[in-house]
Amino acid sequence: MTEISKLTELRKLLLNMEQSMGLQDLSAVERDIYYAASDHAVSAGAVKTTILQEHALLANVSRPTFFRALKSLQGKGYLEQCKNSVRGYYIVKTPAR
């Protein structure tokens, strides 16, 4: 099996997993923010926007695009602004499919 065919199989597996979790309707930036938030929320519970912006998955995302996608994720129920702190903290949610 060649390297590209291995990569293709991984990509197909990822696509299938995203579909089973209901993530297929998110844009690429929204998915990357959701992945980054999930990555950091495991240890911290809530995640701060500045930490998200520094995540490797979001290195090439402009600030305006980041905040538009963040707002969209809130509207879709994937992220919720933390009520117990100042702005900029979000809790990762598992939206109903």
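Reply:
**Core contacts and salt bridges**

Leaving aside neighbours within four places in sequence, Ile33 is in contact (heavy atoms within 4.5 Å) with Leu52, Leu58, Phe66, Ala69, Leu70, Leu73 and Leu79. The model is predicted, so local features need pLDDT of at least 70 and side-chain atom pairs count only at pLDDT 80 or more, whereas totals for chains, interfaces and linings use all residues. Residues are numbered from 1 along each chain as its sequence is written, and side-chain values use heavy atoms, with hydrogens and water left out.

Ile33 also belongs to the largest nonpolar core, which has 16 residues, and together with Leu52, Leu70 and Leu79 touches the most other members. Such a core is a set of buried Ala, Val, Leu, Ile, Met, Phe, Trp, Tyr and Cys residues joined through side-chain atoms within 4.5 Å, where buried means under 20% relative accessible area, exposed over 50% and partly exposed in between, with a 1.4 Å probe and protein chains only. The elements giving two or more residues to this core are α2 (28-44) and α4 (63-76); helices are DSSP runs of H or I, at least four residues long, numbered from the N terminus.

Turning to charge, there are 5 salt bridges, each a side-chain nitrogen of Lys or Arg within 4 Å of a carboxyl oxygen of Asp or Glu. One of them joins Glu18 and Arg31, with the closest N and O atoms 3.5 Å apart; this pair links distant parts of the chain, Glu18 lying in helix α1 and Arg31 in helix α2, 13 residues apart. Both Glu18 and Arg31 are buried.
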